[in-house]
Amino acid sequence: MTSTDTADDGPESNGDGAEPTTLTFMCVRNAGRSQMATAFAERERSERGLEGRVEIVTGGTAPADAVHDVVVEALAEVGLDVNGRTPQHVSEATLAESDFVATMGCSTLELPGVDTDDWDLDDPGERPIEEVRPIRDEIERRVVALFDERFGKR
């Protein structure tokens with residue numbers, strides 16, 4: 001299994017028999033904001049030694065053909081490589097099985113028993129890099145805060 005589970009993959013075991021915490025980042029096309037959030041979450045999981053304890057899922061309800069070029073560029077500027085990733089579909093079942101779902105300003109999703117939050121963020125697609133950087137930085141801030149809240153500050 002890859003370091004990031006797509007929206008339709010099953011959970012990984014964390015080695016101690018407990019199910020991992022599933023964090024899902026979604027938007028309609030899974031080509032911008034949710035891809036940035038996923039990349040930052042992967043970094044946080046790795047830097048905090050949470051592999052096996054945190055499953056990261058990303059997807060969209062109507063996935064694009066590719067991640068926006070400007071998103072690939074903006075993440076590369078901060079050392080994160082999403083080149084070659086393909087937007088994925090996210091199912092309602094996957095969302096319902098998540099512990100936390102962040103939507104990217106495109107939903108008022110309510111899932112019983114699932115902690116949800118709509119991160120009201122501008123869509124970076126088709127924007128110039130100068131406008132994407134602040135969106136990227138805000139997503140990074142929110143992902144770090146999410147990990148701090150759920151797993152303790154590092």
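"Buried" here means under 20% relative accessible area, "exposed" over 50% and "partly exposed" anything in between, using a 1.4 Å probe and protein chains only. This is a predicted model, where local features need pLDDT of at least 70, side-chain atom pairs count only at pLDDT 80 or more, and totals for chains, interfaces and linings use all residues. Residues are numbered from 1 along each chain as its sequence is written, and side-chain values use heavy atoms, with hydrogens and water left out.

**View 1. Phe100 meets Trp119.** The structure has three aromatic pairs (rings of Phe, Tyr and Trp, the latter by its six-membered ring, with centres within 6.5 Å; planes under 30 degrees apart are stacked, over 60 edge-to-face, the rest tilted). In this one, the ring centres of Phe100 and Trp119 sit 6.5 Å apart with planes at 45 degrees, so we call the pair tilted. Phe100 belongs to strand 4 (residues 100–103), while Trp119 is in the loop between strand 5 (115–118) and helix 4 (129–151), so the pair ties together parts 19 residues apart in sequence. Helices (H or I, at least four residues) and strands (E, at least two) are DSSP runs, numbered from the N terminus. Phe100 is buried at 4% relative accessible area, and Trp119 is buried too, at 3%.

**View 2. Phe147 and Phe151 in helix 4.** Here is another tilted pair, 5.4 Å centre to centre with 45 degrees between the planes of Phe147 and Phe151. The two are four residues apart, so about one helical turn separates them. Phe147 is buried at 0% relative accessibility, whereas Phe151 is partly exposed at 21%.
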